[in-house]
Amino acid sequence: MSALLPLQNTYAETLDGLYYPLEPEGFPEPTLVAFNAALADELGLDSEAVRKAAASLFSGNTVPDGARPLAQAYAGHQFGHLSPQLGDGRALLLGELVGRDGKRRDLQLKGSGRTPFSRGGDGLATLGPVLREYLMGEAMYHLGIPTTRALAAVTTGDTVVRDGPLPGAVLARVAASHLRVGTFQFFAIRDDQEKVARLTAYAINRHYPTLLDAKNPALELLRSVARAQAHLISRWMLVGFVHGVMNTDNMTISGETIDYGPCAFMDSYSKSTVFSSIDRGGRYAYGNQPAIGKWNLARLAETLLPQIADDSDEAIPLAHAVLDEYTARYEALWLDGMRGKLGLTGEQPEDEPLVSTLLSLMESEGVDFTSLFRQLSTSLRGDPDPARELFSEADEFLSWESQWLKRVGEQDRVKTADAMDRINPLYIPRNHKVEEVLAAAHSGDYAPLQRLQTVLEQPFVSQPGAEDYAQPAPPTFGPYRTFCGT
Ligand code: AMP
Ligand code: MG
């Protein structure tokens, strides 16, 4: 089996004391239900051979030779409250794979059984959330947004009890790494500076190796993570993605989106959009995400202070400056992204008010976020009606439209429209479609899931026959509520 998955183990070898070694127990009757052959290829694997062995490999029934499976320790602020011990309670890191591109990635089994971090939980995952994570991660990948990805999903043959009996499943997940803000917190709150320092060195080595020679590596690590997160969160905002549970244990050091639990794409534009049933205060609402990113980075900064400078009076202002940079960088990236979505080239002082006027119009009318930008490119191609029809207050939109057209200018409008369509997705995982395909999968019909995945592989390209995938949910659907993946 070692030839199938040539796993390496730098985490296990370098970070002794930061995890529990643990073999997966396996399951009675694993069945492969989804396999990502394209990703297997990128990882340099023999995808057909891996597919054949997938049920056994990804249920944990067969542990590849040379693998050193382990449960990672981490802590985290959950909804603002510190949980000193979280960790992989239902996941095991199998090891690392170096892909064709030379990049090292973790391979993790999620839902593989109990670990020393399971607390009261059963260590298991169920089919719905596993397929949801699979689907959402791949959707994000094809939108060009940094993300963990799914290599495979298997059902276990076991029944898992939640509100009722549900089919058990395991997700084989691939990530640049599973280092989180919470990984640093675990050791920092125990004042184990030696381990925080080893973790810092490992994170730099793995994700930001150019910092190895920096004068202040810990400060530069913070800066790099802040940059990666500013980029990531700006991309979420520009496609209307609501992560839903931005706890510090769900924020990566690599800058990839991780842990697709209660996440969903916003339909009607509103800054206060919340889908998660447990986010009653709206802490992780769409419009709060950039600020939460900064809050989480501040928690990372706290863990790094002793390494940034011996004297905290010296370290704190240095860290603060990085956090301020995050805000400025996020805002610049976001505004730049909005310019792109609206077909604006160059930078003009009126861009910011032009964007915010449109967003407040959209918010007051509950306009579908994804549809509008595609309809604006239709306007540039000479048919302004579809965009206008999205607004009932025609006068206000018409006045915005004329300012926008003036700003777009006389450049080739069809070319501008084409450029907008390469940025603004036509297809996103619409909530009602996601629910539809998961319900079908539950009854054993995976064809709708595969069809949706195929559509989402080319989110920017109009696909004949896929018209209904571009439509907002019918009025009978909703309000949409999502649940954590447990
Ligand atoms: P999550 O909400 O998936 O980010 O998980 C938060 C924490 O709860 C992590 O430490 C998970 O490992 C743990 N956890 C979630 N579900 C389970 C479960 N069914 N059994 C054990 N631990 C779990
Ligand atoms: Mg998590």
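The domain assignment of this protein gives domain 1 (10-178) and domain 2 (182-340); such bounds come from an automatic or database domain assignment. The centres of domain 1 and domain 2, taken over C-alpha atoms, are separated by 23 Å. Across the two, 40 residues of domain 1 are in contact with 41 residues of domain 2, where contact means heavy atoms within 4.5 Å.

A word on the ground rules. This is a predicted model, in which local features need pLDDT of at least 70 and side-chain atom pairs count only at pLDDT 80 or more, while totals for chains, interfaces and linings use all residues. Residues are numbered from 1 along each chain as its sequence is written, chains are lettered from A and ligands numbered from 1 in the order in which they are written, and side-chain values use heavy atoms, with hydrogens and water left out.

**The nonpolar core**

A nonpolar core is a set of buried Ala, Val, Leu, Ile, Met, Phe, Trp, Tyr and Cys residues joined through side-chain atoms within 4.5 Å. Buried means under 20% relative accessible area, exposed over 50%, and partly exposed in between, with a 1.4 Å probe and protein chains only. The largest such core here has 99 residues, and those with the most contacts inside it are Tyr11, Ile253, Leu358, Met362, Leu376 and Trp404. Helix α7 (residues 217-239) gives the largest share of this core, 14 residues. Helices (H or I, at least four residues) and strands (E, at least two) are DSSP runs, numbered from the N terminus. Why does the core lie between the two domains? Domain 1 (10-178) and domain 2 (182-340) both give residues to this core, so it lies between them.

Leu238 lies in helix α7 and is buried, with a relative accessible area of 10%. Not counting residues up to four places away in sequence, Leu238 touches Leu333, Trp334, Gly337, Met338, Lys341 and Phe369. Leu238 and Gly337 are 99 residues apart in sequence, yet 6.8 Å apart in space, C-alpha to C-alpha.

**Helix α13**

Trp404, one of the core residues with the most contacts, is also among the buried residues of α13, together with Phe397, Trp400, Glu401, Arg407 and Val408. Seen down the axis of α13, its buried residues fall within an arc of 125°, so they line one face of the helix; the arc is that of the directions from the helix axis to the C-beta atoms. An α-helix has 3.6 residues a turn, so residues three or four places apart point the same way. The face turned away from the buried side of α13 carries the exposed residues Asp395 and Lys406. Covering the buried residues are elements including α10 (351-365), α11 (369-380), α12 (385-388) and α14 (413-421).

Just after α13, Gly409 takes a positive phi of about 85°.

**The magnesium site and some backbone details**

The magnesium ion (ligand 2) is coordinated by Asn250 (OD1) and Asp259 (OD), at 1.9 to 2.1 Å. Donors are N, O and S atoms within 2.8 Å of the metal (3.2 Å for Na, K and Ca), and water is not among the atoms, so sites may look incomplete. Asp259 lies in the loop between β11 (241-242) and β12 (264-265).

Most residues other than glycine have a negative phi, and most peptide bonds are trans. Asp259 has a positive phi of about 65° although it is not a glycine. Asp191, in the loop between α5 (181-188) and α6 (193-207), has a positive phi of about 50° and is not a glycine either. A cis peptide bond joins Gly478 and Pro479, with omega about 0°, and Pro479 lies in the segment after α16 (447-456).

| Residue | Relative accessibility | Class |
|---|---|---|
| Asn250 | 11% | buried |
| Asp259 | 13% | buried |
| Asp191 | 58% | exposed |
| Asp16 | 55% | exposed |
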